[in-house]
Amino acid sequence: MWRPRPANPSPPRGQPTADQPVLLHSITLNTSPASHLLLGSSPVHQLGFRSSVMGFTWHFCAVVLALALVALVNGEDPYRFFEWNVTYGDIYPLGIKQRGILINGQFPGPEIYSVTNDNLIINVHNSLPEPFLITWNGVQQRRNSYQDGVYGTTCPIPPGKNFTYTLQVKDQIGSFYYFPSLAFHKAAGGFGAIKILSRPRIPVPFPEPAADYSLLIGDWYNLDHKRLQAILDNGHRLPNPQGLLINGRGGNDTWFTVEQGKTYRLRISNVGMQNTLNFRIQGHQMKLVEVEGTHTVQTTYDSLDVHVGQSYSVLITADQAPQDYYIVTSTRFTSKVLTSTAVLHYSNSRRQVSGPIPGGPTIQTGWSLSQARTIRTNLTASGPRPNPQGSYHYGLVNVSRTIRLSSSAAQVNGKQRYGVNGVSFIPADTPLKLADYFKIDGVFKVGSIQDNPTGQKSLYLDTAVMGADFRAFVEIVFENPENIVQSWHLDGYYFWVVGMDGGKWTPDSRKEYNLVDAVSRHTTQVYPKSWTAVYVALDNVGMWNVRSQFWTRQYLGQQFYLRVYSPVGSVRDEYPIPKNALLCGRAAGRTRR
């Protein structure tokens, strides 16, 4: 009989996992601005990086060994190397055979384990019969939107080809994940966890846990992703998902082993397609410690609402009787409640899971809103740097611009579409960032989406790009006139969630803002017939995707790009285009630099 494979925890801080494709992670390269000019955004590519699907060539290993002597002298930020092969394969997440997207034969994909400021060199081989892209949900890509992995910034990897992403998790800590961003690949898998740990010299506001587990939860269709995409392309809405997964598996198929009396960290990410999920553990309380890179006030919860695209870290203590307990996730705000379970297994367990599955909240919006307001930043804790998180007083900065974004749904040319401020986004024939760099006319127009709702119920199609000034401090109000919970994400940034409430937003709503310890994160929920306001410091030049995390809506137009522009053109503001950048559309054949 097949037995469930227990989940593997992370090792102590600063150590690589045994199954991570990390090669000589202590080797470093010079990462000064001058070195980026010399080596480009992909230093390894410049130094002759070559590889095969099964591993690195002797040529590459020789280069790495030659650089070791330099690394010992420089003492710069470490490089971690990953070799990934993306394929189709058979998966059975809901007990039914499906075609899934695997990375190195795994579903979910390999976990990325890193430490603040690490450089991640991820060589992705596309063995699918169609183009492919991966995006890094929450990784800020400082000064480097070329690596963001969405179609507005990055050309897809052609079938049978590879592309080497060069990411630096600069000044970041926390819990994130990656996923396929092109077509409707997200419904087939290809996602995995990203952990960014603090550097050893930076204090963390809780004792080191006995182990560190990632839990990827999400709703799931038992229909092939190509069929789902065809339904949308034909102008129809999708049915509701058929089930829920925890680390790629359904009911009780995943175990997490704990020892009685010890404390563990669980990193919970909602990687699903549309639904808010409630997370809870039978007989155990959860202490929230981190949200998407921000250490939080350590509040204890019986259950947590995790909206699509969001990530949370909690501590649990194995302080109950030695037996097995249900780990439960269930849908929120749905007429039919879907539920999935995993097992918290005490190493000295004397009894298997039993009894009814613990229930959770279902349609109570007020309960979820009240919980969201309790999630606040720990002002005295250090973040990725030694200075306290509260040392930047966002509430004292003058807002230079207010942007109001209102979602909507409508038929366009007889087909279902979704939009923002009256515009339903359509992709251009060339990634917008490349068109911007090469100054290619006619691909997009800055200002093709307005700062405020149009008041019209109809939508029109356009490649929506909003312009913004580098170092501006802006207020964004997400308005939701619809009857569903929305989830909004901004690539390249964190924002402070200063307020959320029911009804319509007005300037008087600012009187209720939290200007002291609002949580800083990259994805926020907007409740039905409600609004959510955020502050964001636009300190990261680039072309950044603002999107619904409800993936059907994103696919059918509920997104746009924010072009944060600096006229200086300095490498201190933005790195040059990578010398290994793929060029496609009207950028094909052009000279990178």
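# Reading salt bridges, strands and cores

Guide: This structure holds 24 salt bridges. Keep in mind that the model is predicted.

Visitor: How do I read a salt bridge?

Guide: Start with the general idea. Side chains of opposite charge can pair when their charged atoms come close. Now take a case here. The side chains of Asp-539 and Arg-142 form a salt bridge, with 3.4 Å from N to O.

Visitor: Where in the chain do Asp-539 and Arg-142 sit?

Guide: They lie in distant parts, 397 residues apart. Asp-539 is in the loop between strand S34 (530–537) and S35. Arg-142 is in the loop between strand S7 (134–137) and strand S8 (162–168).

Visitor: Which residue forms a salt bridge with Asp-501?

Guide: Arg-373 does, and the closest N and O atoms are 3.3 Å apart. Asp-501 lies in strand S31 (residues 495–502) and Arg-373 in helix H5 (residues 365–373), so the pair ties together parts 128 residues apart in sequence. Asp-501 is partly exposed at 34%. Arg-373 is partly exposed at 44%.

Visitor: Are Asp-491 and Arg-547 buried or exposed?

Guide: Both are buried. Their side chains meet in a salt bridge of 3.1 Å, N to O. Asp-491 is in the loop between strand S30 (486–490) and S31, and Arg-547 is in strand S35, so this pair ties together parts 56 residues apart in sequence.

Visitor: Which residues are linked in a network of salt bridges?

Guide: Glu-111, Lys-195, Asp-212 and Arg-267.

Visitor: Now strands. How do I read a sheet?

Guide: Strands of a sheet pair through backbone hydrogen bonds, either parallel or antiparallel. Here, six strands form an open sheet with mixed pairing, in the order S26-S28-S36-S35-S30-S33. The edge strands, S26 (445–446) and S33 (523–526), each pair on one side only.

Visitor: How many bridges join S35 to S36?

Guide: Six, and the two strands run antiparallel. S35 covers residues 542–548 and S36 covers residues 559–565. Look for Trp-544: opposite it in S36 stands Leu-562.

Visitor: Last, the nonpolar core. Which residues touch the most other members?

Guide: In the largest core, of 85 residues, they are Leu-266, Phe-279, Leu-344, Leu-405, Leu-432 and Leu-538. A second, separate core has 27 residues, including Ile-101 and Val-139.

Visitor: What does Leu-344 touch?

Guide: Leaving out residues up to four places away in sequence, its contacts include Phe-256, Val-258, Ile-281 and Tyr-325.

How values were computed:
Residues are numbered from 1 along each chain as its sequence is written. This is a predicted model: local features need pLDDT of at least 70, side-chain atom pairs count only at pLDDT 80 or more; totals for chains, interfaces and linings use all residues. Side-chain values use heavy atoms; hydrogens and water are left out. A nonpolar core is a set of buried Ala, Val, Leu, Ile, Met, Phe, Trp, Tyr and Cys residues joined through side-chain atoms within 4.5 Å. Buried means under 20% relative accessible area, exposed over 50%, partly exposed in between (1.4 Å probe, protein chains only). Contact means heavy atoms within 4.5 Å. Two strands pair if DSSP finds at least two bridges between them. Helices (H or I, at least four residues) and strands (E, at least two) are DSSP runs, numbered from the N terminus. A salt bridge is a side-chain nitrogen of Lys or Arg within 4 Å of a carboxyl oxygen of Asp or Glu.
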